[in-house]
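Thanks, everyone. Let me put today's structure on the screen, and then we'll walk through it.

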Amino acid sequence: MSGHIASAASTDWNTPEWILQRVRQVLGTIHLDPCSNEQSTVGAVREIRLPDDGLAVEWDAPTVFFNPPFGSDKARGTSIADWTAKAASAKAEQIIGLIPAAVGTNFWRRDVWGAAKAIFFFNGRIRFVGADTGAPMDCALV
């Protein structure tokens, strides 16, 4: 998520400002953040916040940035694969996602390797805002 605080009990982690600065360099204005919340610093023109479902809306804005929940959302029956599938099929002109760099997974094979125009792998595990340690996995911007 683009604004939730990370904790051991949560899969909702804030995007660090230094990453958002680079995303804004590429996208300019971020028109849609489908994974937003009250603490978000993304600054998108349109934010989708729970209980509204960012997977249920059209991603037809010119630019989209998404940092989805990295685990399963048991309440909604969704996972990271649902978010990458949505991004791969969206009508937006440009989309950047901050996702786990799980390069051998089905969602990477299906949605990232064949669809991404660029992939940036972080050198080391990033520290999400509010987290006491680095991410438990490597991450990438796609």
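How many helices and strands does the protein have? Three helices and six strands. Keep in mind that this is a predicted model. Go along the sequence and the pattern reads α-β-β-β-α-β-α-β-β. The radius of gyration is 14 Å, close to the 14 Å that the globule rule gives for 142 residues, so the protein is as compact as a globular protein of that length.

Now the overall dimensions. Along its principal axes, the C-alpha trace spans about 35 × 35 × 35 Å. Of the 142 residues, 45% are buried. What about contacts? Take those between residues at least 6 apart in sequence: 59% of them join residues at least 24 apart.

The accessible surface comes to about 7,300 Å². Carbon and sulfur atoms account for 51% of that. As for charge, there are 13 positive and 15 negative side chains. The centres of those two sets lie 5 Å apart.

Let's zoom in on one residue, Ala135. Where does Ala135 lie? In the loop between strand S5 (120-121) and strand S6 (139-141). Is Ala135 buried or exposed? Buried, because its relative accessibility is 4%, and the cut-off for buried is under 20%.

Which residues is Ala135 in contact with, leaving aside neighbours within four places in sequence? Trp13, Arg125, Ile126 and Phe128. Ala135 and Ser79 are 56 residues apart in sequence. In space, C-alpha to C-alpha, Ala135 and Ser79 are 17 Å apart.

That's my tour. Over to you.

Terms used:
Residues numbered from 1 in each chain as written. Predicted model: local features only at pLDDT ≥ 70, side-chain atom pairs only at ≥ 80, totals over all residues. Heavy atoms only, no water. Helix = DSSP H or I, 4+ residues; strand = E, 2+ residues; numbered from the N terminus. Rg over C-alpha atoms; globule rule 2.2 N^0.38 Å. Buried < 20%, exposed > 50% of the residue type's maximum accessible area, 1.4 Å probe, protein only. Contact = heavy atoms within 4.5 Å. Areas by Shrake-Rupley, 256 points an atom, 1.4 Å probe, with all protein chains shown as cover. Lys, Arg positive; Asp, Glu negative; His and termini not counted. Charge placed at Lys NZ, Arg CZ, Asp CG, Glu CD.
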